[in-house]
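This report covers the core, the helix packing and some single residues of one protein model. The sequence and structure come first.

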Amino acid sequence: MLSLALLATALNPACAKEPLKVFAAGSLTGPFTVLARQFEADSGEPVQMVFGPAGLLLERIEQGEPADVFASANMAHPQQLAREGKAIPPLVFIHNSMCVLARPELHLTTENLLAKLLDPTVKIGTSTPKADPGGDYAWVLFANAGKVQPGARELLEGKAQQLVGGKNNPSVPAGQDAVKYFLEHKQVDTFIGYCSSRETTPDTRFTKVTLPPELAVAADFGLTVLYPRSGSHDTAYRFALFLLTPAAQQILVDYGFSR
């Protein structure tokens with residue numbers, strides 16, 4: 001198990017010769033930026049964060065780009081690295097779920113969510129399936145909708161605009177949050193994404209609603225340590241252990257994740 005390997009290795013600390021390189025899903029940007037700085041302050045070890053769609057990060061690792069720790073928005077990607085002999089068996093280190101962010105004039109609620117999404121005049125945005133687990137989870141939502149109302153799956157898949165998380169998504173101005181940009185400019189009225197956020201306070205410009213039980217989609221975030229490029233790998237294990245501490249877990253909760 002990962003936890004046993006982490007504990008055993010962490011007993012023999014060693015100084016890293018170069019920054020620890022952590023690949024992490026873009027949805028972890030807020031909390032992991034804080035956590036990386038905290039780890040640096042506590043350990044004296046520099047950390048280089050690389051954020052992006054987890055599917056594309058997996059592709060970069062498989063193509064040979066060096067990384068020490070991989071925090072994915074699903075379990076499938078780190079499990080794949082373990083099967084390929086590139087990483088130790090992963091564990092779920094935090095949970096998330098799917099919500100819908102909407103323009104306020106839509107008056108979206110959990111109760112009317114499916115009806116609103118099925119409305120022909122309501123435009124839906126999602127992440128890009130396969131490249132980004134957020135898109136895969138949106139397609140699970142669509143499948144759940146099809147079980148509730150015949151034909152809903154096909155209608156929603158046909159309406160969905162894959163706007164973020166892929167290689168060829170529409171561009172947005174530098175420094176802009178892509179999801180909020182597309183909502184503000186009315187390219188979409190709703191966006192299916194994680195209940196977590198990159199900030200600890202809600203953005204009052206938009207309405208965020210949870211999914212009704214019959215549509216609910218849970219997201220388990222996976223953590224693994226890649227096998228070392230060379231020399232000691234103790235810092236990578238210590239960082240992974242740090243993410244499992246109560247203090248680190250609370251920071252993730254503050255950003256909308258759940259234990």
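## Nonpolar cores

The largest nonpolar core has 69 residues, and Leu28, Phe32, Phe93 and Phe221 touch the most other members. A nonpolar core here is a set of buried Ala, Val, Leu, Ile, Met, Phe, Trp, Tyr and Cys residues joined through side-chain atoms within 4.5 Å. Buried means under 20% relative accessible area, exposed means over 50%, and partly exposed lies in between (1.4 Å probe, protein chains only). Leu28 touches Thr33, Phe51, Ala71, Phe93, Phe221, Leu252 and Phe257, not counting residues up to four places away in sequence. Contact means heavy atoms within 4.5 Å. A second, separate core holds ten residues, including Leu163, Phe182, Phe191 and Phe206.

The model is predicted: local features need pLDDT of at least 70, side-chain atom pairs count only at pLDDT 80 or more, and totals for chains, interfaces and linings use all residues. Residues are numbered from 1 along each chain as its sequence is written, and side-chain values use heavy atoms, with hydrogens and water left out.

## Helix H3 and its surroundings

Helix H3 spans residues 54-62, and its buried residues are Ala54, Gly55, Leu56, Leu57, Leu58 and Ile61. Helices (H or I, at least four residues) and strands (E, at least two) are DSSP runs, numbered from the N terminus. The buried residues of H3 pack against strands S1 (20-25), S2 (47-52) and S3 (69-72), and against helices H4 (76-83) and H6. Just after H3, Gly64 takes a positive phi of about 110 degrees.

## Helices H6 and H7

How do H6 and H7 pack? Helix H6 (residues 133-148) meets helix H7 (residues 152-159) at an angle of about 150 degrees, with the axes 7 Å apart. Therefore H6 is roughly antiparallel to H7. Angles over 145 degrees count as roughly antiparallel, under 35 as roughly parallel, 65 to 115 as roughly perpendicular, and the rest as oblique. Axes are lines fitted to C-alpha atoms, for helices over the stretch in contact, and angles run from 0 to 180 degrees between N-to-C directions.

H6 contributes Trp139, Phe142, Ala143, Ala145 and Gly146 to the contact, and H7 contributes Ala152, Arg153, Leu156 and Glu157. By class, the contact has six nonpolar, one polar and two charged residues. Ala, Val, Leu, Ile, Met, Phe, Trp, Tyr, Cys and Pro count as nonpolar, Asp, Glu, Lys and Arg as charged, and the others, Gly among them, as polar.

## Two buried residues

Thr224 sits in strand S9 (residues 218-225). Thr224 is buried, at 0% relative accessible area. A polar atom of its side chain lies 2.6 Å from the backbone oxygen of Ile88. Beyond four places in sequence, Thr224 contacts Val69, Phe70, Pro78, Ala87, Ile88, Pro89 and Pro90.

Phe39 belongs to helix H2 (residues 29-43). Phe39 is buried too, at 5% relative accessible area. Its C-alpha atom is 7.2 Å from that of Phe239, 200 residues apart along the chain. Leaving aside neighbours within four places, Phe39 contacts Gly44, Glu45, Val47, Thr235, Arg238, Phe239 and Phe242.

## Positive phi in two loops

Most residues other than glycine have a negative phi. Lys130 has a positive phi, near 75 degrees. Lys130 is in the loop between strand S5 (124-127) and H6, and is exposed at 72% relative accessibility.

Lys186 also has a positive phi, near 60 degrees. Lys186 lies between helix H8 (178-184) and strand S7 (190-194), in the loop. With a relative accessible area of 48%, Lys186 is partly exposed.

How values were computed: A polar contact is a pair of N or O atoms within 3.5 Å; within protein, one must be able to donate a hydrogen and the other to accept it, and residues adjacent in sequence count only if both atoms are side-chain atoms.
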